[in-house]
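Here are some notes to read alongside the structure, written as numbered points. Please keep the sequence and the 3D view open while going through them.

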Amino acid sequence: MGLFEKKYCDFCGEKIGLLGNRKLEDGNMCKNCAAKLSPWFNERRHSTKADIQAQLEYREQNKSLVAAFNATQTLGNDTRLLIDEGARKFMVTRAKDLQSANPDVLDFSQAVGCDLDIQEDKTELKQEDSNGNSTSYNPPRYEYSYSFEVRIRVSSPYFDEMSFDLSNGYITTGEKPMNPSMQQESGGWNLHSSDGGYEVNKYFECVKIGNAIKEAIERMKSTGVSQAANVSPAAAQQTEAVREEKVCPGCGAKTFPNQNGCCEYCGSAL
């Protein structure tokens, strides 16, 4: 009887279909109401009806924050960090229609930190011998690929982090591994310059965007964020114009010189 008993959503009152129940610790939720929760929230099964009700009310209030959001800076590829410097707010979303997606709008004060991770994958390259068999090279040869993940840590009642793939899958860089050696110059990534083909430029572009995201999060949580928020767009553009973008002779990446006049990726002098 209990297995096939009709269930009703504890929030909208609608009957829940056979495969439509989203179980709570002390109740039931339909898939339509579950879709209204934050996309970063993953503790539904351990949440009570009171917990979910509070979040639904928060998500409804969030719509007005989305409507008022004025992005002054956008960082990322498919999934992006959007920043409203005037209101000191930010969001992370891949949606083009913000009103429909209702992405969580957070205050600068809720930014805790940013972790940047690169996952390396290598595939052994083989050759064909005189008998048509696939054999290893001596020494073995490998083709390297990398994926980039950004984890923005936040202080929110409903989620602790917003994680997303910056590279949209793996980036293949050829036979030279992008091994860590310039940690202090990379802004947090594990990276190394490489002259080996494929998508090396895309690799460095992800490094650059990831560094920019990390720097933005650090600015948000810093004690000087109030002053930074009051800088006009015109002044910000003037400051950026002073830094001339150059092509690094060491790794070939387009880069702005760091405070030491070196490439922000490989550390070569510019």
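This is a predicted model: local features need pLDDT of at least 70, side-chain atom pairs count only at pLDDT 80 or more; totals for chains, interfaces and linings use all residues.

1. Searching the whole structure gives 4 aromatic pairs. In one of them, the rings of Phe148 and Tyr203 have centres 5.1 Å apart and planes at 70°, so this pair too is edge-to-face. It joins distant parts of the chain, since Phe148 belongs to strand E10 and Tyr203 to helix H4, with 55 residues separating them. Phe148 and Tyr203 are both buried, and together with Tyr146 and Phe204 they make up one aromatic cluster.

2. Helix H4, which carries Tyr203, deserves a check of its length. At 1.5 Å a residue, its 22 residues should span 32 Å, and because the C-alpha atoms at its ends are 32 Å apart, the expectation and the model agree. The buried residues of H4 include Val200, Cys206, Val207, Ile209, Asn211, Ile213 and Met220.

3. Which residues touch the most other members of the largest nonpolar core? Among the 46 residues of this core, they are Leu81, Phe90, Ile152, Met162 and Ile213. Several elements give two or more residues to the core, among them helix H2 (49-68), strand E9 (111-128), strand E10 (134-154) and helix H4 (200-221), and H4 gives the most, with 10 residues. Apart from this core lies another, of 5 residues, which include Phe69, Leu82, Met91 and Val105.

4. The strands E5 (residues 73-76) and E6 (residues 80-84) are paired in the antiparallel sense, over 4 bridges, and they form a hairpin with 3 residues between them. As one example of this pairing, Gly76 has Arg80 in E6 as its bridge partner.

5. Lastly, two charged side chains are placed over aromatic rings. The charged end of Lys122 sits over the ring of Tyr142, 4.4 Å from the ring centre, while the charged end of Arg141 sits over the ring of Tyr137, 4.3 Å from the centre of that ring.

Key. Residues are numbered from 1 along each chain as its sequence is written. Side-chain values use heavy atoms; hydrogens and water are left out. Two strands pair if DSSP finds at least two bridges between them. A nonpolar core is a set of buried Ala, Val, Leu, Ile, Met, Phe, Trp, Tyr and Cys residues joined through side-chain atoms within 4.5 Å. Buried means under 20% relative accessible area, exposed over 50%, partly exposed in between (1.4 Å probe, protein chains only). The expected span of a helix is 1.5 Å times one less than its number of residues. Rings of Phe, Tyr and Trp (its six-membered ring) pair if their centres lie within 6.5 Å; planes under 30 degrees apart count as stacked, over 60 as edge-to-face and the rest as tilted. A charge sits over a ring if NZ of Lys or CZ of Arg is within 6 Å of the ring centre and within 35 degrees of the ring normal.
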